[in-house]
Amino acid sequence: MARVVTGLPVRVVPCLDVRNGRVVKGVAFQELRDQGDPAALAAAYEEQGADEVVVLDVSATPDGRRTRLDTVRTVRAALSVPLTVGGGVGRVEDASLLLEAGADKVATNTAAVRRPGLLSELAARFGAQCVVVAIDAAATGETGAGSGYEVVVRSGTERTGIDAVAWAARAAEAGVGEVLLTSVDRDGTKQGYDLELLRRVRAAVSVPIVASGGAESPEHMAEAVRAGADAVLAASIFHQARWTVEGLKEALRARGVRVRPHRAENSWSAP
Amino acid sequence: MRPSVVAVVRTGTANLASVETALRRLRCEVEFVADADAVARADRLVLPGVGAFAAARHAVAASGLEDALRDRIVQGRPTLGVCLGMQLMARGSEEAPGVPGLGVLDAVAERFGDGQRVPQMGWNRVVPTDGSRIVPEGFAYFANSYRLTRLATGDRGGDWSPAWSDYGGRFLAAFERGTVVGCQFHPELSGAYGRTLIARWLAS
């Protein structure tokens, strides 16, 4: 396909994995450990220069699901940059509740794989710019056909045999405005994003791609951008304060990656 | 300072929590309105909008708001149109051929070119012009597939002051005339930049 350019600064996106109202972060989706209050973390990241924030709520219990909307409300109240929320979006009505609570974009994963019509329903109701398909992908190994990546659902626990690149293309066709692409193999490993996965999905869709899974350094993020990512998502490097968003952006800039200037560099002044 | 009361049009197609939060953060009282009288009466009005052009336009028509909206814009009463709310001020959109906008601007929204990532999703630089009093320079958050590239097809519309951005070519990031402002971007999601814009509009 023809070369598609974005021209926008690369977005740096802290991700809050939330369970029962608290931020946790798993290593390869396991060993969840408490990281703190979602609203406080979101506000801190905005202050540091985060371009948007993603909240993925993995609460599975009914209580946890009720807490989800409260979490979205409190994060929204603390945040004046865009907020994407994923987790438990199985019906248009679920998305509607999250948007009313303060999400700007909703991400759907397992439910869309089970029933792809959900994506076009969401896009028709809320507009493409509101709808994110979250794809968890794993390498199929040497025996794998197609792109060599398959879709994994249910928080990384269930392999589907569905080709991840073909699924991304189908989702884009259905009208989603963004792909949140997570490498299950890399998530929590600190080894960097799966660049081959990024390149393959980049070649298949013209909507923005958010790279996720495995980031530990600015170099990893710069590599992802060169592989076609429009935004780079990370969790533990921020939660555990190995990098501030601001410091990370400076390091990206030094590597030739265009990022949004921090407020002090803008020519206007706040009231 | 006495808190401003800001009316926010609620037609059912937009998520309004971000707009509401941004206004409250600037100590405004927010009231949601959905009828022509309230739109006509409001001291300050925000016309938000996400979603599809046709759906938003039909919602405006179904609520009987078009004349009240057009009148207050033409009369120069404080009005802020955001994203689709800005595009609704135009004559129409390629997204919905045959569906007329409010027609305050004699221009039509067109889809970004094939060479671009669509939607435009992220922060882009906004460059105001000499007449800009409310729209600042800086980076603002956009999430759109369609955009206006000019203020008017003919020579009308010359009294609007544009602010420009570039995404595979120049497009209208915002326009303003007195206290009427249209923003293609989302000031309510644009951090300190957006706060500056909204605060200036509230003070205008």
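A polar contact is a pair of N or O atoms within 3.5 Å; within protein, one of the two must be able to donate a hydrogen and the other to accept it. The model shown in these views is predicted.

**Figure 1. Polar contacts and a salt bridge join chain A and chain B.** Between chain A and chain B there are 11 residue pairs in polar contact, with both residues at pLDDT 80 or more. On the side of chain A that touches chain B, the elements giving two or more residues are helix 2 (62–78) and helix 3 (92–101). The residues on this side of chain A divide into 19 nonpolar, 11 polar and 14 charged. The rule finds 1 salt bridge across the interface. This salt bridge pairs Arg117(B) with Asp230(A), and the closest N and O atoms are 2.8 Å apart.

**Figure 2. The interface of chain A and chain B by area and residues.** The size of an interface is often given as the accessible area lost when the parts come together. Chain A and chain B bury about 3,100 Å² between them. Carbon and sulfur atoms carry 58% of that area. Chain A brings 44 residues to the contact, and chain B brings 34 residues.

**Figure 3. Chain A, with 10 helices and 12 strands.** Of the 271 residues in chain A, 58% are buried. The accessible surface of this chain comes to about 10,700 Å², and 49% of that surface belongs to carbon and sulfur atoms. Among contacts in chain A with a separation of 6 or more, 64% are between residues 24 or more positions apart.

Figure 4. Leu118(A) counts as buried because its relative accessibility is 0%, and the cut-off for buried is under 20%. Leaving aside neighbours within four places in sequence, Leu118(A) is in contact with Val89(A), Gly90(A), Arg91(A), Val92(A), Thr108(A), Ala111(A) and Ala112(A). One of these, Arg91(A), is 27 residues from Leu118(A) in sequence, and the two C-alpha atoms are 6.9 Å apart in space.

Figure 5. With Gln184(B), the side chain of Gln87(B) makes a polar contact, side chain to side chain, at 2.9 Å.

Definitions and conventions:
Residues are numbered from 1 along each chain as its sequence is written. Chains are lettered from A and ligands numbered from 1 in the order in which they are written. This is a predicted model: local features need pLDDT of at least 70, side-chain atom pairs count only at pLDDT 80 or more; totals for chains, interfaces and linings use all residues. Side-chain values use heavy atoms; hydrogens and water are left out. Helices (H or I, at least four residues) and strands (E, at least two) are DSSP runs, numbered from the N terminus. Buried means under 20% relative accessible area, exposed over 50%, partly exposed in between (1.4 Å probe, protein chains only). Contact means heavy atoms within 4.5 Å. Accessible areas come from the Shrake-Rupley method with a 1.4 Å probe; for residues, only the protein chains shown count as cover. Buried area is the accessible area (1.4 Å probe) that two parts lose on being put together, summed over both. A salt bridge is a side-chain nitrogen of Lys or Arg within 4 Å of a carboxyl oxygen of Asp or Glu. Ala, Val, Leu, Ile, Met, Phe, Trp, Tyr, Cys and Pro count as nonpolar, Asp, Glu, Lys and Arg as charged, and the others, Gly among them, as polar.
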